[in-house]
Amino acid sequence: MSEWLALSEAEVSMVNGKWIYDLFSQRLQAGWLVGIDGSVAIDLATQKLAQFSQSQPNFIAIATLDPIEFITSLMAGCRLGIPIFLGNPHWGTAEWDRVAKLTAQVNHQHQHQIAIPTGGSSGEIKFAIHSWETLSASVWGFQEFYEVGEINAVCILPLYHVSGLMQLWRSLLTDGKLFIVDFHQFCNAPARFIDRIDLQHYFISLVPTQLSKLLDLDANWLAQFHTILLGGAPPSLELLTRARIAKLPLALTYGMTETASQVTSLKPAEFLAGNNSCGRVLPHAEIELTRSDDSQAGSIRIKAKSLMLGYFPHVDTPTYFDSDDLGTFDNVAVEPKSGYLTILGRSSAKIITGGENVFPIEVIEPIMGTGLVADVWVLGLPDRYWGQVVTAIYVPNDPLVSGAILAKAIGGKISNYKVPKQWISVDRIPRNSVGKILLQELTELIQDRKFET
């Protein structure tokens, strides 16, 4: 187990950027990165440190797909204590204009902080401010929950995203190994990568679209992983069934950038036994449901040691975070840490049609279960009579598939008021790198389309 984890909370508060930089260097020398020469990375970090020391920037922005470039820039930024902004290298001018306006507000209170992008699906980029202490609290909770010492990870998610960054941080702090692999290269020749490590000692984090693609391959080797963490977007029941048939050690998770990734998780044995929830609350977090009526469902409020310090530029260290997600615990009579959390969807996505509540996931799952569509999303559109009308946007697997055929296929499987009254066929549903819907782009995509009723 890492020496870092033996430190008391008082000692942890005294750790500075030099300590973190030195830890990176020590771990690189010890072969932390699988297949990468650590000495090359250390040399590059030394060059970057000299460069930044000379130019004295107010902050650094890291936007690269190159893992060595990312890690060495992160090292240099930590050593100097300047704010670090993570960015998506695929952003366009509008996104970078937004970043420029935000970073113009950098001041002394942002030192020793990491700003991680979030909110892209709403069309407005925000940065959740974290410190290495909040990120590390997430590592502690993860380590205790999964009862492991070293945390080894195969990382195929981008490092600028919280789900990729946390794989780096977990392996770094616990003396684990990190194997960074490009997902497309991984799919083209998986044996080239998986033969280099002992999978049973590794975690891998996936989003549903990635898991689906890997299951389409001859992916029996997936079952060899210690744990497959699945998050980022809600998985379909069909995908979970396929994973269970393949006996995958799947762990559904719930978390977000604001909480430094997961705050609940299922364990593989529970998933294989038929549990489809997001699991139990991790040791470093607390979850409560705030309800506006007598129903068991409620808005999810999160308290966690890994909670962000605020949205940049505001540093206010919130005591809790009110998410936009609605959920239920499997047994409201038990303490939350003993119950299993099921996510119903976003409160803002809840559809109220004719006075009835409809959660998109309730409609998406049976539509995907027909096998007639490659992808689908459900939302409520304004209607003078119904208030909102349930609308399904779908990608058909065959040109002959229509809304009428789909409505008939799901008839009887859900209540009539949940069956979409409007259907829109599209070639694709825009999603980001972790599978979340890009709502603004989706709205633009369907605005001139004709409805099928």
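## Crossing of α3 and α4

Helix α3 comprises residues 38-55, and α4 comprises residues 67-80; helices (H or I, at least four residues) and strands (E, at least two) are DSSP runs, numbered from the N terminus. The model is predicted: local features require pLDDT of at least 70 and side-chain atom pairs pLDDT 80 or more, while totals for chains, interfaces and linings use all residues. Residues are numbered from 1 along each chain as its sequence is written, and side-chain values use heavy atoms, with hydrogens and water left out.

The axes of the two helices come within 8 Å and cross at roughly 50°; axes are lines fitted to C-alpha atoms, for helices over the stretch in contact, and angles run from 0 to 180 degrees between N-to-C directions. Helices α3 and α4 are therefore oblique to each other (under 35 degrees counts as roughly parallel, over 145 as roughly antiparallel, 65 to 115 as roughly perpendicular, and the rest as oblique). On the α3 side the contact (heavy atoms within 4.5 Å) involves Ala 41, Leu 44, Ala 45, Lys 48, Leu 49, Phe 52 and Ser 53. These residues meet Ile 68, Glu 69, Thr 72, Ser 73, Met 75, Ala 76, Arg 79 and Leu 80 of α4. By class, the contact of α3 with α4 contains nine nonpolar, three polar and three charged residues; Ala, Val, Leu, Ile, Met, Phe, Trp, Tyr, Cys and Pro count as nonpolar, Asp, Glu, Lys and Arg as charged, and the others, Gly among them, as polar.

## Packing of α2 against α3

Helix α3 also packs against helix α2 (residues 17-29), at an angle of about 155° and with the axes 8 Å apart. The pair α2 and α3 is therefore roughly antiparallel, and α2 passes α3 in a left-handed crossing. From α2, the contact is made by Tyr 21, Ser 25, Leu 28 and Gln 29; from α3, by Gly 38, Ala 41, Ile 42, Ala 45, Thr 46 and Leu 49. The residues of this contact divide into six nonpolar, four polar and no charged.

## The buried strand β3

Strand β3 (residues 114-118) is largely enclosed by the rest of the structure, because five of its five residues are buried (under 20% relative accessible area; exposed means over 50% and partly exposed in between, with a 1.4 Å probe and protein chains only). Ile 114, Ile 116 and Thr 118 point one way from β3, Ala 115 and Pro 117 the other way. In a regular strand the side chains alternate between the two faces of the sheet.

Strand β2 (residues 84-86) pairs with β3 in the parallel sense over two bridges; pairing requires that DSSP find at least two bridges between the strands. Phe 85 stands opposite Ala 115 of β3.

## Two open sheets

Seven strands form an open sheet with mixed pairing, in the order β6-β5-β7-β8-β9-β10-β11. Strands β6 (178-180) and β11 (280-281) stand at the edges with a single partner strand each, so one side of each lacks a neighbour in the sheet. Within this sheet, β9 (residues 250-256) and β10 (residues 261-265) run antiparallel and are joined by four bridges. Thr 253 has Ser 265 of β10 as its bridge partner.

Another open sheet has four strands in the order β12-β13-β15-β16, with antiparallel pairing. Its edge strands, β12 (285-290) and β16 (341-346), each pair on one side only. Neighbouring strands of this sheet are turned by 45° against each other on average, direction ignored. Strand β15 (residues 321-329) pairs with β16 in the antiparallel sense over five bridges, and Gly 327 stands opposite Ile 343 of β16.

## Backbone geometry and an exposed lysine

Most residues other than glycine have a negative phi, and most peptide bonds are trans. The peptide bond from Phe 312 to Pro 313 is cis, with omega near 10°. Pro 313 lies in the loop between β14 (310-311) and β15. Thr 317 is placed in the loop between β14 and β15 and has a positive phi of about 45°, although it is not a glycine. Ser 261, in strand β10, has a positive phi near 80°. Ser 261 is buried, with a relative accessible area of 9%.

Lys 450 is found in the segment after α15 (439-446) and is exposed, with a relative accessible area of 77%. The C-alpha atoms of Lys 450 and Gln 422 are separated by 9.5 Å, the two residues being 28 residues apart along the chain.

Note on methods
A crossing is left-handed if the near helix is turned anticlockwise from the far one by less than a right angle, and right-handed if clockwise.
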